[in-house]
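Grab a pencil and have the viewer open. Let's work through a few exercises together.

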Amino acid sequence: MTFIRLRGIGVSPGIGMGEITLEERVLFTSVKETVPQSRVEAELRRLRRAVTRTRRELLGLQREVRERMGAEHAFILEAHLLILEDRSLFSAVEKVIREEKSRAEWALTQINGRYQEIFDAIKDTYFRQRKSDVSDVLARVYANLEAKRKKAPKVDETRKAILVAHDLMPSEAAVKLAGGGVLAVAMDMGGATSHTAILARSLNIPAVVGLRNITQQVKTGDQVIVDGTDGEVIINPPPAVRKDFQGKQEKYGKYFSELKKTARLKSETLDGTRFTPLANIELPEEVEMAFSFGAEGIGLFRSEFIYLQRTALPTEEEHFSAYSRIARAAFPSPVYIRTVDIGGEKSLPQMNIEKEPNPALGLRAIRFSLWNRDLFKIQLRAILRASVQGNVRVLIPMITEVEEIGEVKLLLDEVKRELDRDGLKYDRQILLGVMIEVPAAAAITDILVKEVDYLSIGTNDLIQYYLATDRSNELVSYLYKPLHPSVLRLIKFVIQTALREGKDVTVCGEMAADPVCAIVLLGFGLRKFSMNPIFIPRIKQALRSLDLRTVEKVVEEALGLKTAQDIEEHIIEQILIKHPKAFLTGHVI
Ligand code: PEP
Ligand code: MG
């Protein structure tokens with residue numbers, strides 16, 4: 001038994017230790033086998049039989065997933081069924097069999113290769129990663145060419161084990177991970193935005209991807225450690241290494257349970273000022289985890305993930321299913337459903353969106369929705385239908401001018417009338433809010449706020465647009481400073497203008513998750529902080545150890561300083577003098 005250490009990308013934190021279940025992988029053939037002309041028809045029949053078997057298999061899986069995990073997970077299988085119905089795909093396979101007189105295995109391999117090349121040429125990572133859907137379907141058909149194929153394991157046949165796979169097919173990721181038997185995941189392929197990575201994060205399953213060839217170095221039954229925090233995998237660890245990681249696992253576990261203790265404490269400052277921690281989520285499955293970290297509502301549901309996980313456009317029912325599930329799980333706490341923020345970098349795989357010369361300044365978010373009103377109406381209809389729960393709010397991203405709010409209201413009214421006509425119920429008092437992410441919108445907060453029920457400040461975009469700095473560009477990212485005096489003046493204006501109008505205001509960008517920034521926001525009057533759930537405990541811990549008077553005074557003084565660095569130093573020093581516990585927790589992971 002050799003001891004091997006592999007480095008990959010940690011996409012879901014935590015440590016999993018145990019026995020490996022190696023996921024069998026369909027390997028497309030590399031050998032061209034030809035058949036005599038008289039066998040060509042028989043090969044075509046073999047292919048069609050395999051397609052029929054695959055359809056049966058997918059329908060069975062779909063039923064099972066729907067029953068066990070709900071409709072949102074079954075959509076991937078639906079997408080695969082659609083791919084299976086795609087005539088152009090399979091007539092291309094048949095064409096290879098006919099023209100090259102080859103066996104079906106070779107023809108499927110050829111077409112798979114051709115599709116992979118097409119997908120690889122696409123720049124967008126989300127879209128590129130969807131290529132696994134086509135491959136997934138072709139691989140199933142390939143495996144079904146053999147009549148005596150082993151049956152795919154049922155949902156909970158995976159015992160508690162570490163799942164090692166080449167590239168977990170999206171359909172299998174849903175089935176396997178949500179089944180409850182997986183301690184951790186390690187894969188050859190994959191990136192941080194792959195479906196498996198997203199799912200693993202939301203289900204709290206440690207995962208490392210991008211390991212290149214782990215599947216060739218292990219067999220079922222081997223012992224392995226998956227460290228999703230540091231992106232490391234250790235195969236057949238000797239006892240000393242195992243002990244080390246057990247220590248790390250325990251420490252990590254303790255750290256998390258400490259954090260979760262904070263989750264049960266009251267969200268109030270020393271002087272009794274209440275504040276509300278809310279969660280930013282991307283999947284309905286994350287609600288439970290978010291509440292366990294102390295969230296008191298879902299402050300931002302990034303609904304574009306409903307689109308990005310599919311190969312086909314989502315139906316109204318699919319939207320509805322996701323929204324009602326979140327609303328039910330969070331009830332009676334509020335759920336802010338943000339309408340899609342697609343366009344720009346987050347392009348939509350299902351639509352042929354032309355590349356724009358300057359995507360960050362282009363057809364994004366509400367601009368995209370107003371250009372694609374049919375899609376937008378489907379989403380609004382589903383949100384309204386889910387609002388019967390009584391705790392759903394509509395949130396519109398990237399508003400630039402007041403006219404856009406007018407358009408949204410007209411569309412909302414239209415959809416409401418249609419629902420009335422169809423006899424479908426919705427919350428007639430549903431609240432409408434907009435995100436302040438464009439500096440121009442921030443400057444006219446006084447005008448915009450009168451038109452809506454609440455505001456949510458998206459500091460990630462607001463800062464990048466205000467400082468004209470892309471923080472993922474290493475050359476200029478040093479300029480991306482949430483504590484830049486100009487940013488603070490602007491945000492103070494937005495918060496205080498909203499409050500003066502008696503309207504609710506939330507910050508849902510990453511500023512809300514940073515203790516120093518959160519203190520500044522509290523000083524400005526903010527009481528609703530929405531963030532990635534894992535940061536809620538540290539913000540609660542920070543804000544619970546302060547009294548508002550001190551915060552207001554220190555923040556006021558800081559606003560008189562010239563640089564982000566001076567501001568940060570002043571706040572840390574002055575707060576620490578009075579409240580040494582404010583910055584007790586360091587970085588979470
Ligand atoms: C923001 O811009 O701050 C925000 C919360 O939106 P997103 O991060 O989804 O762009
Ligand atoms: Mg944004």
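Predicted model: local features only at pLDDT ≥ 70, side-chain atom pairs only at ≥ 80, totals over all residues.

Residues are numbered from 1 along each chain as its sequence is written, chains are lettered from A and ligands numbered from 1 in the order in which they are written, and side-chain values use heavy atoms, with hydrogens and water left out.

**Exercise 1.** Find the protein donors of the magnesium ion (ligand 2).

Solution. Look for N, O and S atoms within 2.8 Å of the metal (3.2 Å for Na, K and Ca); water is not among the atoms, so sites may look incomplete. You'll land on Glu437 (OE) and Asp461 (OD), lying 2.0 Å from the ion. Helices (H or I, at least four residues) and strands (E, at least two) are DSSP runs, numbered from the N terminus.

**Exercise 2.** Work out what surrounds Glu404.

Solution. Start in helix 15 (residues 402–421), where Glu404 is found. Then list contacts (heavy atoms within 4.5 Å): leaving out residues up to four places away in sequence, Glu404 touches Ile366, Arg367, Leu370, Met398 and Ile399. Finally, note that the Glu404 side chain reaches the backbone nitrogen of Thr400 at 2.6 Å.

**Exercise 3.** Which residues does Ile298 touch, not counting those up to four places away in sequence?

Solution. Walk around Ile298: its partners include Leu278, Phe291, Ile326 and Tyr336.

Methods:
Polar contact = N/O pair within 3.5 Å; in protein donor to acceptor, adjacent residues only side chain to side chain.
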